[in-house]
Amino acid sequence: MRTVSLLLAGAATGVLYGLIAVGIVVTYLTTRTLNFAAGAVATLAAFTFGTWVQDGWPKILALLASLVLFGVGGGYLTGGVVMSRVRTASETVRVAVILGWTLGIAGVTALLYNTLLPVPALFGEGSIAVGRIRLTSHQFAVAVTSVLLAVGLSIFLRRAWLGLALRAVAEDRDAARALGLQVGRVEAFGWMCGMTLAALGGILVSPLVGGDIRTQNLLFVKVLAVSVLAGMERPWLALAAGVALGMAEAYLGGSGGAWTTNIDLLPFLLMIVGLALGPVLYGNRTREAH
Amino acid sequence: MSATRHGNGTALAAKPFRVTSILPWYLGVGAAVTALSLLTSGYWAYVIDTVAIFSLVALSFVVVSGYLGQMSLAQTAFMGLGALVQARLVAIGHLPFLMALPITLVVVASAAVVVGLPAVRLRGVNLAILSFGFAVVAERVIFQKWLLSGLYLSGIPFGRNGLGSAWFENEQHFSLLVISTVTALMVVIRALGSSRWGLLVYSVRDGQATAALSGVNPTRVKLSAFVVSGCLAGIAGILYALLLQRAGWEDYSAFNSITYLAMSVVGGLLHPLGALLGGMMYFGVPQLFSTVSFLRGSQFQVLSGLLAVAVLVLRPGGLASLALGRRYELHLVAPRRRPHRPPLPSPASGAARPSPRPAGAVNGQGRREMDALRRSCQAPTASALATLRSRTGERPVR
């Protein structure tokens with residue numbers, strides 16, 4: 001019974017890794033850029049949401065407004081204005097631009113909110129008992145939302161015309177243009193999707209993790225490990241990998257012995273496994289950008 | 001990889017090179033900085049030392065990201081390993097500084113091999129992810145659990161008396177040590193960039209398979225570049241710990257790697273001058289701004305972030321390319337995917353040689369689209385492109 005409750009608690013944490021990883025994977029899938037700015041945008045969106053709710057806005061309105069402002073607006077600014085200008089640059093430069101952008105966003109957050117803000121739980125403070133485990137209703141709702149989001153995005157990217165267009169532009173820009181796609185707009189849309197997911201992730205995760213998720217390196221590494229394990233390809237797999245990592249951490253961490261002290265090694269080891277086995281497991285279906 | 005496309009990548013090795021030809025420049029800058037640090041004292045001497053040390057960190061990025069073209073975010077791990085191992089050996093183990101230094105560098109070099117080994121197979125973003133993972137593991141496990149456990153969790157006191165001579169206790173003498181070390185290492189790295197080793201590294205960067213065919217061992221070359229870069233970062237870490245008089249894990253937090261990489265790219269990755277400019281951008285300019293103007297902390301952070309973006313959008317070669325010219329922008333602006341095309345035949349030679357290209361595809365744009373269409377037809381069936389193409393009958397694509 002103790003094992004079951006350990007695993008359940010681990011899964012509840014793992015969903016959070018998965019939720020953020022879904023955003024990273026979708027951005028990578030549609031823009032071929034690792035979105036280092038996700039954490040900064042998530043924090044900014046979460047703090048803004050928190051401030052607006054404190055000011056008496058209805059939660060749903062505050063949510064929508066911050067998603068539009070930071071997700072759609074921020075995504076357009078990142079993709080349509082900045083990244084479109086360094087499209088021909090090497091990966092190093094593109095990542096460095098994103099890093100500069102991250103510094104800027106983090107600076108804006110520090111300017112606007114100089115102390116840590118409590119972010120209210122979107123789905124309220126009630127709780128639900130699952131066996132012996134007590135989940136808050138926010139935790140439960142986040143898990144459900146994450147599953148819906150991951151599965152929905154997987155289907156969207158695989159079946160919907162717009163989803164296919166997003167992936168096609170990332171696969172081969174020129175060929176996508178030859179098919180008649182307006183690649184500039186599609187790329188900007190990809191960034192909007194990625195930033196909206198990052199903002200949503202920040203708003204949902206902040207009440208559970210607490211503090212400033214931008215500075216939580218370890219959380220970011222876990223998210224990266226999960227994204228790599230999912231082959232940077234499938235949103236639902238990223239969520240599944242997140243849950244698996246959460247459960248593994250809870251189980252090994254609770255087992256006592258060497259794992260308990262060195263549990264932080266686990267994401268790194270999984271990263272190596274994911275990078276080594278990725279090409280074997282998922283094949284190299286998208287051509288190397290080279 | 002044609003010579004025209006990547007030829008600029010070997011800018012440093014393009015001309016015959018003599019160390020004596022660059023020495024006056026480097027020694028001149030070094031002497032100027034030394035003079036500056038002798039004239040100032042206290043806070044500004046500290047700023048100059050820090051800029052010199054961060055230039056050394058940027059120099060480690062010049063080797064691994066500029067020369068070798070790999071994105072490593074593990075540099076803080078190398079810095080921290082250098083600082084903590086050296087501090088343990090000297091301050092706790094009571095080894096003489098110069099005897100401990102080789103041991104520390106061997107430890108740092110082995111860590112660099114650990115990060116460099118995956119680089120034999122991985123590149124780009126995957127290597128960035130893995131090296132960042134290593135940096136976080138180093139911070140959380142190696143530093144906090146293994147090297148700093150128990151008594152020393154908040155850091156090891158590492159005074160300048162650890163250098164073995166009371167002479168260095170003087171602030172200005174210590175500045176002299178820092179500046180001369182950094183200047184010497186910059187000369188070495190500049191010379192390495194024009195050496196045979198440099199050519200090997202560029203050849204691996206510009207085309208690993210081609211290099212391997214020419215008898216270069218890519219594994220050995222990559223690992224050697226990682227070791228050189230790691231040791232530079234390690235030395236920077238030791239100097240930084242000596243400057244702060246204390247070696248703790250907070251100063252080598254993994255997240256700083258990201259900032260350091262951004263600062264190095266803004267300075268310019270292909271020349272030691274870029275490293276100097278990067279170090280100034282990261283520490284010197286903010287300090288200058290914060291004392292002479294109304295800008296403070298986070299305002300400057302916004303400004304420097306946007307400045308970094310602006311520099312990179314306008315000149316992907318970084319600030320150094322403003323001074324050195326566009327050849328130092330090299331592979332950073334190479335087109336990402338452009339299949340090889342034979343040059344257009346001139347009317348005279350075109351008659352002699354039958355053209356394999358279909359009529360109507362003579363101009364660049366048309367040929368580009370033909371190539372792209374051909375590629376889309378060859379795309380794997382599972383790809384989004386192929387699915388989209390098969391659907392174009394169902395729905396008009398705009």
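In this predicted model, 55% of the 290 residues of chain A count as buried. The chain is built from twelve helices and two strands. Walking along the sequence, the order of these elements is α-α-α-α-β-β-α-α-α-α-α-α-α-α. The radius of gyration of chain A comes out at 19 Å, close to the 19 Å that the globule rule gives for 290 residues, so chain A is as compact as a globular protein of that length. Along the principal axes, its C-alpha atoms fill a box of roughly 60 × 50 × 35 Å.

One helix pair in chain A makes a handy example. Helix H3 (residues 59–82) and helix H8 (residues 183–209) of chain A have axes that come within 7 Å and cross at roughly 140°. Angles over 145 degrees would count as roughly antiparallel, and H3(A) and H8(A) are therefore oblique to each other. The crossing of H3(A) past H8(A) is right-handed. On the H3(A) side, the residues that meet H8(A) include A:Leu63, A:Phe70, A:Gly71, A:Gly74, A:Gly75 and A:Tyr76. Their counterparts in H8(A) include A:Glu187, A:Gly190, A:Trp191, A:Met195 and A:Ile203. Sorted by class, this helix contact has twelve nonpolar, ten polar and one charged residues.

Chain A also touches chain B, in a contact that takes 59 residues from chain A and 62 residues from chain B. On the side of chain A, at least two residues each come from helix H4 (91–112), helix H6 (161–171), helix H7 (173–178), helix H9 (217–229) and helix H12 (265–282). H4(A) gives the most to this side, with 16 residues. As for the kinds of residues, the side of chain A that touches chain B has 37 nonpolar, 13 polar and nine charged ones.

B:Ala109 sits in helix H5 (residues 97–119) of chain B. The cut-off for a buried residue is 20 or more other C-beta atoms within 10 Å, and B:Ala109, with 21 C-beta neighbours inside 10 Å, therefore counts as buried. Leaving aside residues up to four places away in sequence, B:Ala109 touches B:Val227, B:Gly230 and B:Cys231. B:Ser224 lies 115 residues from B:Ala109 in sequence, yet the C-alpha atoms of these two residues are 9.3 Å apart in space.

Methods
Residues numbered from 1 in each chain as written. Chains lettered and ligands numbered in written order. Predicted model: local features only at pLDDT ≥ 70, side-chain atom pairs only at ≥ 80, totals over all residues. Contact = placed C-beta atoms within 7 Å. Helix = DSSP H or I, 4+ residues; strand = E, 2+ residues; numbered from the N terminus. Nonpolar A, V, L, I, M, F, W, Y, C, P; charged D, E, K, R; others polar. Rg over C-alpha atoms; globule rule 2.2 N^0.38 Å. Buried ≥ 20, exposed ≤ 12 C-beta atoms within 10 Å, placed from the backbone. Axes fitted to C-alpha atoms, helices over the stretch in contact; angles between N-to-C directions. Parallel < 35°, antiparallel > 145°, perpendicular 65-115°, else oblique. Left-handed = near helix turned anticlockwise from the far one by under 90°.
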